[in-house]
Amino acid sequence: MKMTFRWFGENSDTVSLKQIRQIPGVSGIMGFLDYKAAGEVWEESEIKRFVDQVHRAGLACEVIESVNVHEDIKLGLPTRDRYIANYCETIRNLAKYGIKVIIYNFMPVFDWLRTDLAHEIPEDGSNSMYYDEKELAGLSVMDLVRSMEGGSNGFSLPGWEPERVKELEKTLSLYDGLTQEDLLTHFRYFLDGILPTCEECGVKMACHPDDPCWPIFGLPRVGYNQYWFDRIMSLNSSPCNTICLCTGSLGSNRENDVPAMIRHFGEQNRISCMHIRNIRFYGERKFREAAHNSCDGDFDMFAIVKAMHDVCPDVYVRPDHGRMIWGETGRPGYGLYDRALGTQYLMGMYEAICRS
Ligand SMILES: [Mn+2]
């Protein structure tokens with residue numbers, strides 16, 4: 001297990017590299033250039049600047065998140081070839097600076113979604129992100145956008161960048177009539193277009209599950225359970241076609257047995273990295289994000305870490321969204337304290353499993 005921490009860059013994160021470096025056992029970050037729009041090439045100079053900065057802080061930078069896939073690729077439009085060529089250039093540029101894994105998702109229009117970004121937890125006065133499918137039913141798409149923006153403490157949230165949001169209603173209409181099988185066909189075209197470049201450069205693509213893990217707003221989705229991930233993995237047999245196994249996303253769908261999925265895909269060498277977090281359910285499709293510890297949520301965190309230890313012990317791991325505790329404010333889900341606690345809990349369990 002290589003323990004890392006997500007970092008959004010010096011102007012986009014309340015957490016500093018120095019603070020991350022001081023968390024025992026954390027050896028690297030999962031990075032992100034938050035100003036890049038989907039489809040744009042990540043230029044060498046910008047990557048170099050980011051990676052150098054991380055290295056100077058004494059941390060590794062081998063995983064990059066949210067190299068977003070342009071909507072035209074998911075829609076299968078003729079313009080997709082240009083964006084696939086751009087994506088290949090980004091892969092080559094990232095590889096030159098030591099990136100080994102690129103995390104992406106294939107969710108139409110919406111990236112991750114919550115109905116409250118700072119839901120107060122009455123028991124202890126902390127807050128965390130919250131989702132209630134029933135609240136979604138009363139919201140228009142634009143209501144939802146305003147609610148996500150209003151709760152983000154001024155940060156542009158990955159997947160909710162203003163330039164994406166402007167085009168939202170138009171983009172939504174383009175998906176009318178598009179089926180899951182259509183989306184999967186477009187997914188195959190994308191993978192066939194980029195995976196040869198990945199193999200050349202030694203970079204693995206890690207597909208992040210849908211979040212929450214079921215179709216929303218009538219849009220087709222194909223990343224929400226074992227059946228669909230089996231299909232995605234069989235689209236292209238390249239060893240670079242892998243999964244970012246996010247326990248919180250997959251586990252939001254209570255039909256998913258997360259430890260079993262780790263074993264299933266880990267045994268096939270299809271997991272290259274993991275986001276580990278915990279959830280407390282208040283009902284069906286109604287949950288808040290919890291501390292990483294088993295006692296604060298509904299996941300069996302031991303079973304998750306044990307499965308990882310047994311089938312894919314070399315993966316990159318990071319704590320995922322945490323609560324906001326001890327008065328901290330910042331990017332929703334990405335404060336320092338609760339995630340730092342999460343790393344210590346996960347590493348403690350991992351050490352105990354290794355030594356027992
Ligand atoms: Mn995740």
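Among contacts in the chain between residues at least 6 apart in sequence, 74% join residues at least 24 apart, a contact being a pair of residues whose C-beta atoms, placed from the backbone, lie within 7 Å. The model is predicted: local features need pLDDT of at least 70, side-chain atom pairs count only at pLDDT 80 or more, and totals for chains, interfaces and linings use all residues. Residues are numbered from 1 along each chain as its sequence is written.

The chain holds 14 helices and 12 strands, which are DSSP runs numbered from the N terminus (helices H or I, at least four residues; strands E, at least two). Its radius of gyration, taken over C-alpha atoms, is 19 Å, close to the 21 Å of the globule rule for 356 residues, so the chain is as compact as a globular protein of that length; the rule is 2.2 Å times the number of residues to the power 0.38.

Eight strands close into a barrel in the order β1-β2-β3-β4-β7-β8-β9-β12, with parallel pairing; strands pair if DSSP finds at least two bridges between them. The bridge partner of Y104 in β7 is C207.

Helix α14 (residues 337-355) packs on the sheet and touches β1 (2-6), β9 (271-276) and β12 (316-319). T343 lies in helix α14. Because T343 has 22 C-beta neighbours inside 10 Å, it counts as buried (20 or more other C-beta atoms within 10 Å; exposed means 12 or fewer, partly exposed in between). Beyond neighbours within four places in sequence, T343 is in contact with M3, I23, G25, V26 and P319.

Definitions and conventions. Contact = placed C-beta atoms within 7 Å. Axes fitted to C-alpha atoms, helices over the stretch in contact; angles between N-to-C directions.
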